[in-house]
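Could you walk me through this model?

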Amino acid sequence: MSMPLGKQVFFAGVAASGSCAILYYLVQKTFSRASYYQLALEQLHSHPEALEALGTPLNVHYLRLTDKYNFVDIADAKLKIPVSGPKSEGHLYVSSSRDAPFKRWNLQEVFLELKDGQQIPLFKPSRDNNEVKKE
C-alpha cells in the first residue's frame with residue numbers, strides 16, 4: 001500500500017528536523033566537554049569581580065554556532081560563551097591554543113564582556129618565565 005506524496009514529504013520533514021536538532025545538541029555537548037571550554041569556566045567561577053558583576057547563580061547558555069567569533073581548529077580555539085546571572089549578562093571570550101595535536105590546551109586569554117560594554121579580564125598568561133597570571 002503506497003503512501004500519498006503529502007504524507008511522505010511531511011514525514012521526511014519531521015525526520016530531517018529531528019536529525020538537525022539532535023546534531024545541534026551533540027555539537028553543543030562536544031563544545032561544553034572540551035578542556036578549553038572547561039578551563040575558561042573555571043576562571044569565571046573563581047573570579048570574585050566577575051561573579052559580583054553577574055550575580056549568582058551563573059547560567060551558561062548554548063554557543064551561537066553561527067557566530068563568526070567561535071572558531072576551533074587543531075591548534076587554536078576561540079569561543080564567545082553567553083553567560084548570565086541575576087544582576088547582568090554578557091559573553092565570556094576565550095582564546096586557547098596548543099603546541100601540537102593531542103597535546104594539552106593552554107588558555108591564552110579569558111575575559112568577560114558585560115552587556116553594558118564593561119570588560120573584566122579573568123586570565124592572561126604572563127610573559128615572564130611561562131608563568132600564568134590570574135587577573
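What follows is a tour of the model, from confidence to strands, rings and loops.

This is a predicted model, in which local features need pLDDT of at least 70, side-chain atom pairs count only at pLDDT 80 or more, and totals for chains, interfaces and linings use all residues. Residues are numbered from 1 along each chain as its sequence is written, and side-chain values use heavy atoms, with hydrogens and water left out.

Let's start with confidence. pLDDT is the predictor's confidence in each residue, on a scale from 0 to 100. Here the protein averages 88, and 93% of the residues score at least 70. Confidence is highest in strand 4, at a mean of 96, and lowest in strand 7 (residues 132-134), at 51. Helices (H or I, at least four residues) and strands (E, at least two) are DSSP runs, numbered from the N terminus.

An unreviewed UniProt entry annotates residues 6-27 as "transmembrane region"; UniProt positions are given in the numbering used here, feature names are shortened, and annotations may be inferred rather than shown by experiment. In the model, that span is 100% helix and 0% strand, and its end C-alpha atoms lie 32 Å apart.

Next comes helix 2 (residues 35-45), where Tyr 36, Tyr 37, Ala 40, Leu 41, Gln 43 and Leu 44 are buried. Buried means under 20% relative accessible area, exposed over 50%, and partly exposed in between (1.4 Å probe, protein chains only). Looking down the axis of helix 2, you'll find its buried residues within an arc of 155°, so they line one face of the helix. That arc is taken from the directions from the helix axis to the C-beta atoms.

On to the strands. Strand 4 (89-97) has seven of its nine residues buried, so it is largely enclosed by the rest of the structure. Strand 3 (residues 76-84) pairs with strand 4 in the antiparallel sense over nine bridges, and a hairpin of four residues joins the two. Two strands count as paired if DSSP finds at least two bridges between them. Within this pairing, Lys 80 has Tyr 93 in strand 4 as its bridge partner. Strand 4 also runs antiparallel to strand 5, with eight bridges joining them; there, His 91 stands opposite Glu 113 in strand 5.

How many aromatic pairs does the structure hold? There are five. Rings of Phe, Tyr and Trp (its six-membered ring) pair if their centres lie within 6.5 Å; planes under 30 degrees apart count as stacked, over 60 as edge-to-face and the rest as tilted. Tyr 36 and Trp 105 have ring centres 4.9 Å apart and planes at 75°, so this pair is edge-to-face. It links distant parts of the chain, with Tyr 36 in helix 2 and Trp 105 in the loop between strand 4 and strand 5, 69 residues apart. Both Tyr 36 and Trp 105 are buried. Tyr 93 and Phe 111, on the other hand, are stacked, 4.9 Å centre to centre with 10° between the planes. Tyr 93 lies in strand 4 and Phe 111 in strand 5, so the pair ties together parts that are 18 residues apart in sequence. Tyr 93 is buried at 12% relative accessible area, and Phe 111 counts as buried at 16%. Together with Tyr 69, Tyr 93 and Phe 111 form one aromatic cluster.

Finally, have a look at two loops. Phe 102, in the loop between strand 4 and strand 5 (106-114), has a positive phi near 70° despite being a residue other than glycine. Phe 102 is exposed, with a relative accessible area of 83%. The other loop, between helix 3 (48-54) and strand 1 (59-60), holds Pro 57, and the peptide bond from Thr 56 to Pro 57 is cis, with omega near 10°.
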